[in-house]
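Student: Could you take me through one part of this model in detail, the place where the ligand is held? I would like one connected account, please.

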Amino acid sequence: MDQYRVYGNPIKQSRSPFIHTAFAKSTEQQLCYQSEFVPLDTFAQTIKQFVIAGGKGANITVPFKEQALALCDQLSERAQLAGAVNTLSINNGQIFGDNTDGLGLVKDLLQNQVGIKGVNILFLGAGGAAKGVILPLLEQQPNSIIIANRTVSKAQDLCRQFNSDKLSACGFEQIANKHYDVIINATSASLSGNVPPIAEQLIHSDTVCYDMVYGQGLTPFLEWAKQSGSEKLIDGLGMLVGQAAESFNLWRGVMPETEQVLQSLRASLENNN
Ligand code: ATR
């Protein structure tokens with residue numbers, strides 16, 4: 001049977017085997033998808049062995065996405081721009097590296113009836129998670145994307161990578177007080193119980209607030225956004241399922257339905273499983 005893996009460290013928390021096994025079932029594809037813990041210093045060796053053993057594809061998660069890029073024989077443009085790879089496709093011993101995180105985000109926004117064309121986006125964060133999604137967002141032709149980051153120089157560097165007049169950079173304190181249709185939190189602040197220090201006045205009832213991380217209940221950023229008046233709150237669980245669907249499609253040539261899987265994951269999260 002065709003073999004797929006998700007490699008990371010840690011990996012126990014990964015929902016990818018559940019998601020891909022469900023996709024395989026719903027699309028009647030025969031495949032085996034498992035998670036594998038990789039010691040920090042053996043990533044390259046692990047991938048080489050998987051290729052030799054005839055593995056067909058893999059997802060790569062923290063902290064190996066940048067290392068994965070260096071192992072690929074060929075890269076998609078979005079993986080190159082992201083500087084990170086989350087999906088490997090293996091054909092005749094050759095590794096093709098792609099990054100489906102941004103497509104996962106775009107897909108999830110659209111699934112939540114959030115149009116991106118012509119809108120003003122305030123984008124918080126300029127780390128690895130941010131890098132992966134800027135190009136797919138730009139491709140949806142927003143009116144503007146302002147990247148705000150704690151370390152301003154990182155936001156400026158990120159802007160420079162994309163030759164686009166739609167993009168600009170600033171620190172959290174310099175965010176212009178205008179109407180943003182969508183605010184996306186790509187910082188890791190929620191993971192440590194923090195919220196990026198942006199002004200409450202930026203939030204209106206119709207401001208879509210999106211946190212790229214997820215957890216049980218609202219993330220700290222979404223809780224803050226709710227208290228600040230936003231009525232449209234979305235966490236990153238849909239993005240996780242969306243990026244998995246894009247990887248699955250790359251490997252198998254079939255785009256799986258995501259709604260059922262998302263509902264099961266949500267239920268399992270709320271039950272603390
Ligand atoms: P990754 O690459 O895994 O996304 P990262 O490169 O450490 O992680 O980036 C994390 C992002 O979250 C960065 O934008 C970081 O801001 P800095 O570039 O200034 O470090 C942001 N971040 C992390 N904790 C934060 C906090 N408490 N408040 C605001 N931003 C935070």
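**Around the ligand**

Tutor: Happy to! The ligand is surrounded by 14 residues, where a residue is near if one of its heavy atoms lies within 4 Å of the molecule; the closest are G128, N149, R150, T151 and K154. Residues are numbered from 1 along each chain as its sequence is written, and side-chain values use heavy atoms, with hydrogens and water left out. Please keep in mind that this is a predicted model, in which local features need pLDDT of at least 70 and side-chain atom pairs count only at pLDDT 80 or more, while totals for chains, interfaces and linings use all residues.

By residue type, the shell around the ligand holds four nonpolar, eight polar and two charged residues. In this scheme Ala, Val, Leu, Ile, Met, Phe, Trp, Tyr, Cys and Pro are nonpolar, Asp, Glu, Lys and Arg are charged, and the others, Gly among them, are polar.

Now for the polar contacts, meaning pairs of N or O atoms within 3.5 Å. The side chain of N149 places an N or O atom 2.7 Å from an oxygen atom of the ligand. Backbone atoms take part too: a polar one of S188 is 3.0 Å from a ligand oxygen, and a polar one of A129 is 3.1 Å from a ligand oxygen. Taken alone, the ligand exposes 630 Å², and the protein buries 71% of that; these areas come from the Shrake-Rupley method with a 1.4 Å probe.

Definitions and conventions: A polar contact is a pair of N or O atoms within 3.5 Å; within protein, one must be able to donate a hydrogen and the other to accept it, and residues adjacent in sequence count only if both atoms are side-chain atoms.
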